[in-house]
Amino acid sequence: MKKIFLSIVFVAYTALALAQFSNYFDNKTLRVDYYRTGSKKSESIKLKSFIAKPGEWAGSTVHLTDPFNYGAHRVMVKDMETKKELYSRTYNSLYHEYIATKKGRKKSMTFEETVLIPYPKKAVEIHIQSRNKDWEFVSIETFQFDPNTTTTETIVSNNEVRKIHYSGDPQKKVDFVIVADGYSINDTAKMRADFETFRKGILKYAPFKTQKENINIWGVAAISEDSGITNPLKKQYLNTAVGSTFNSFDIDRYIMTFEIHTMHTAIQNAPYDHIIVMSNTDTYGGGAIYNFYADVTTGDQTQFVVTHEIGHLFGGLADEYVDPTVSYNDIHDLSKEPLEPNITTLVNFDSKWKHLIEEGTPIPTPVKKEFLKKVGAYEGGGYQSKGIYRPAIRCMMNAGGSFCPVCVEALNAMFKIYTE
Ligand SMILES: [Zn+2]
């Protein structure tokens, strides 16, 4: 009886959510391109354009507001008339990475950003927000959009979209789009093989392996003028489809692109929730920003790197390692719980993974053989050696292996938002 009651409640909830979606949104996508300028001291936002993305809305029509809020920024759509919150998602950005660098503390820089929202039926306010000192979201800029009067651009891309792994309706699946970068017309056989390597990597480890029927993978066969990607330290500047480069923020193997608007145009014919740039170089490297994009190269370690980066991109997970080359000790505010689900300051451990700790496991947990397979709270994580604790001795978000139980739980919770 209880079960039946619960499922009736759930069906009613889903029906209500769907009604909310169709009251306020069309089954299409509005792409918002803008610039974010600033340093750690201050930031500002300037609108570039509204673009009608081809194809249907690929995101959830049920979970319209972000239940996790892992990101440093948030896009929030409000009904213009009633100010009711209709849609929100949080994300991180290149700007957010930049202001953590020495240069970014003082010197202002401009970055491209794009957000996708379901296409409003009525006039809305689109708030682009960042967290203040107390981590509350405040609006940096507000765009007004009225479907009857606001001008939208349409852009054409002739890039071919391939189904690399297909499970069904994009609205009920996590859609990864892989865009080829640095593949010239002579590299099409390698591109095909590399798409396959990425597919295997994405579906190799739990929970992606166990959730593979909840995943679609799309490949965008973008052709570049040059073969390979830009490497400023070698004075190699190449013309590629989405502009991936080594040495982002002066870290050699940190491979990213700053051409965010070009990237979204290159992939616009695919339905997507998450973007992975496939960079045609066998040199180890990559990077990822939560709900923004990941960039991964095609060498021997690709399958591990792509999985690790998806942990950041899709799961909002932190690195569980301490970086011996930088060994910062002031990255995290130790008076608060970090936003990421897989590191803790123990300030509010109940809100993290205390429920996964077996009785008798000491907190903090010493790194000893007897705890090798146990969930605990081991000191060192999020690049910082003191005051930050990670859940496991081994994890995909550390030096490799499978995801630890805490990461698996967080990733599975994220899957629900896309698939219910
Ligand atoms: Zn983990």
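How do the residues of the lining of the second largest pocket divide into nonpolar, polar and charged? They split into 11 nonpolar, three polar and three charged. Keep in mind that you are looking at a predicted model.

- Because domain 1 (10-145) and domain 3 (349-401) both give residues to the lining, the second largest pocket lies between them.

**The largest cavity**
- Two cavities of 30 Å³ or more are found, and the largest cavity has a volume of about 450 Å³.
- Of the 24 residues lining the largest cavity, Tyr87, Arg89, Leu116, Asp273 and Asn291 come closest to its centre.
- Three elements, β4, β5 (109-120) and β13 (274-279), each give two or more residues to this lining; β4 supplies the largest share, with four residues.
- By class, the lining of the largest cavity holds 12 nonpolar, eight polar and four charged residues.
- Domain 1 (10-145) and domain 2 (161-313) both contribute to the lining, so the largest cavity lies between these two domains.

**The second largest cavity**
- Here the volume is about 70 Å³.
- Among the residues lining the second largest cavity are Asp66, Arg89, Asn291 and Tyr418.
- Helix α7 (residues 405-419) gives the most to this lining, namely three residues.
- Six nonpolar, one polar and two charged residues make up the lining of the second largest cavity.

**A four-stranded sheet**
- An open sheet is built from four strands in the order β4-β3-β6-β7, with antiparallel pairing.
- At the edges sit β4 (85-91) and β7 (137-145), each of which pairs on one side only.
- On average, neighbouring strands of this sheet are turned by 20° against each other, direction ignored.
- Within the sheet, strand β3 (residues 73-79) and strand β6 (residues 124-131) run antiparallel and are joined by seven bridges; one example is Asp79, whose bridge partner in β6 is Val124.
- As background, strands of a sheet pair through backbone hydrogen bonds.

**Aromatic rings**
- The model has 24 aromatic pairs.
- One of them joins Tyr321 and Tyr383 edge-to-face, at 5.7 Å centre to centre and with 70° between the planes.
- Tyr321 lies in the loop between α6 (302-313) and β16 (378-381), and Tyr383 in the loop between β16 and β17 (384-390), so this pair ties together parts that are 62 residues apart in sequence.

Conventions
Residues numbered from 1 in each chain as written. Predicted model: local features only at pLDDT ≥ 70, side-chain atom pairs only at ≥ 80, totals over all residues. Heavy atoms only, no water. Nonpolar A, V, L, I, M, F, W, Y, C, P; charged D, E, K, R; others polar. Domains from an automatic or database assignment. Pairing = 2+ DSSP bridges. Axes fitted to C-alpha atoms, helices over the stretch in contact; angles between N-to-C directions. Phe/Tyr/Trp six-rings, centres within 6.5 Å; stacked < 30°, edge-to-face > 60°. 1 Å grid on protein atoms, 1.4 Å probe; cavity = no way out; pocket = protein on both sides within 12 Å on 5 of 7 lines; lining within 4 Å. Points joined across faces, edges and corners; volume = space filled by probe spheres on them.
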